[in-house]
Amino acid sequence: MPTPSLAALPIRRLTLRDLNACADLSEDRGWPREEHKWGLLLSAGKGFGIDDPEGGLVAACVVTEYGTWGRPDLGAIGMVLVAERHARRGVGRRLMQHVLSTMGTTPLTLHATPYGRPLYEELGFKVTGRAEMLRGRFTPGGPEPTVATRAATAEDLPAILRLDEEVFGTDRTPLIARLPAFADQLRVAEEDGRLVGYTAAWPNMDTHVVGPLIARDTETAKALIASLAARTERPLRTDIEVRHEELLAWAKERGLASVAFNAVMTYGIAELPGDWTRRFAPLTVAAG
């Protein structure tokens, strides 16, 4: 029986049962396997994939929806991957067109690598910002943070969700409510009993990823990062919005080096909702 053409292979929804196949696909493209992150995205979002008749996946991506259930305000597209053996044959375009059709009029966002950006621009996405990926071992130093931080408790979750929605611009409860189980650390900053910031550090291969990072101002963001770094032996990794120049300079002084830049792109909206001045880093670029 002849092998079906790529264009004839159906696109289907992925589930947690596909986690290993998704991790295999990451590895095939030279990315870390990132099973922990794939598990979060497949449980909190909607995965789409194409099965390879010879085994594994031809391609995959995940869409994380935010806002009202069934009527999302925003969708974040991430982990768009095509197996090396099927690359440059239009599969990524077909998968993205399927996602655009499925999401209808819902505004979309994604973080694009230089490699993927031309395709997204052809599909109608516009560059609205940039994020700089940093990685390295944090070296304490400089003035002590003046903002108090502490480990979050279960009682903090409602306040975290309220602050996150205010800053992000839409409700992310299905994602943020998973943080206590997903992250190794979840910390908050407060002033006079009021939450003014929060962040998490979650394990990804040999690093701890810092994100999300929501803070009243740069000093609060610094205090939160320093508090996470003091409680891990792993290198830190994070993706900071490039308009936060002071935080980027401080992080580099503390030992985190620039690794890459991604373009922040949107579809159907001119700018992301919310307050960028308090949104310093995403939970993961794959979830917007």
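This is a predicted model: local features need pLDDT of at least 70, side-chain atom pairs count only at pLDDT 80 or more; totals for chains, interfaces and linings use all residues.
Reader: Which residues does Asn-204 touch, not counting residues up to four places away in sequence?

Author: Asn-204 touches Glu-34, Val-209, Arg-234 and Arg-237, where contact means heavy atoms within 4.5 Å. Residues are numbered from 1 along each chain as its sequence is written, and side-chain values use heavy atoms, with hydrogens and water left out.

Reader: What makes Asn-204 buried or exposed?

Author: Buried means under 20% relative accessible area, exposed over 50%, and partly exposed in between, with a 1.4 Å probe and protein chains only. Asn-204 has a relative accessible area of 2%, so it counts as buried. Asn-204 is found in strand β9 (residues 194-204); strands (E, at least two residues) and helices (H or I, at least four) are DSSP runs, numbered from the N terminus.

Reader: What about Met-79, and why is its phi worth a look?

Author: Met-79 has a positive phi of about 55° although it is not a glycine. Most residues other than glycine have a negative phi, and most peptide bonds are trans. Met-79 sits in strand β4, and with a relative accessible area of 5% it is buried.

Reader: And Arg-88: buried or exposed?

Author: Arg-88 comes out at 64% relative accessible area, so it is exposed. Its place is the loop between β4 and α3 (91-103). Arg-88 also has a positive phi, near 60°, in a residue other than glycine.

Reader: Which peptide bond is cis, and how do you know that?

Author: The bond from Gly-211 to Pro-212 has omega near 0°, and that is the cis one. Pro-212 lies in strand β10 (residues 207-215).

Reader: How do you know that the buried residues of α1 line one face of the helix?

Author: In helix α1 (residues 19-28), the buried residues are Leu-19, Cys-22, Ala-23, Leu-25 and Ser-26. Seen down the axis of α1, they fall within an arc of 155°, so they line one face of the helix. The arc is that of the directions from the helix axis to the C-beta atoms. What covers these buried residues includes β1 (11-14), α2 (35-44), β3 (57-68) and β4 (71-82). Just after α1, Gly-30 takes a positive phi of about 85°.

Reader: What makes β1 and β2 a pair?

Author: Two strands pair if DSSP finds at least two bridges between them. β1 and β2 (residues 46-51) have 4 bridges, in the antiparallel sense, so they pair by that rule. Ile-11, for one, has Ile-50 in β2 as its bridge partner. β2 also runs antiparallel to β3, with 6 bridges joining them, and Gly-47 stands opposite Val-62 in β3. β2 and β3 form a hairpin with 5 residues between them, and Gly-55 in the turn has a positive phi of about 115°.

Reader: Why is something here called a cavity?

Author: On a 1 Å grid over the protein atoms alone, a cavity is a set of points where a 1.4 Å probe fits but cannot get out. The structure holds 1 cavity of 30 Å³ or more. The largest cavity has a volume of about 40 Å³, a volume being the space filled by probe spheres set on the points, which are joined across faces, edges and corners.

Reader: Which residues line the largest cavity?

Author: Lining residues have an atom within 4 Å of a point; here they are Trp-202, Val-209, Arg-237, Asp-239, Pro-282, Leu-283, Thr-284 and Val-285.

Notes
On a 1 Å grid over the protein atoms alone, a cavity is a set of points where a 1.4 Å probe fits but cannot get out, and a pocket is an open set with protein on both sides within 12 Å along at least five of seven lines; lining residues have an atom within 4 Å of a point.
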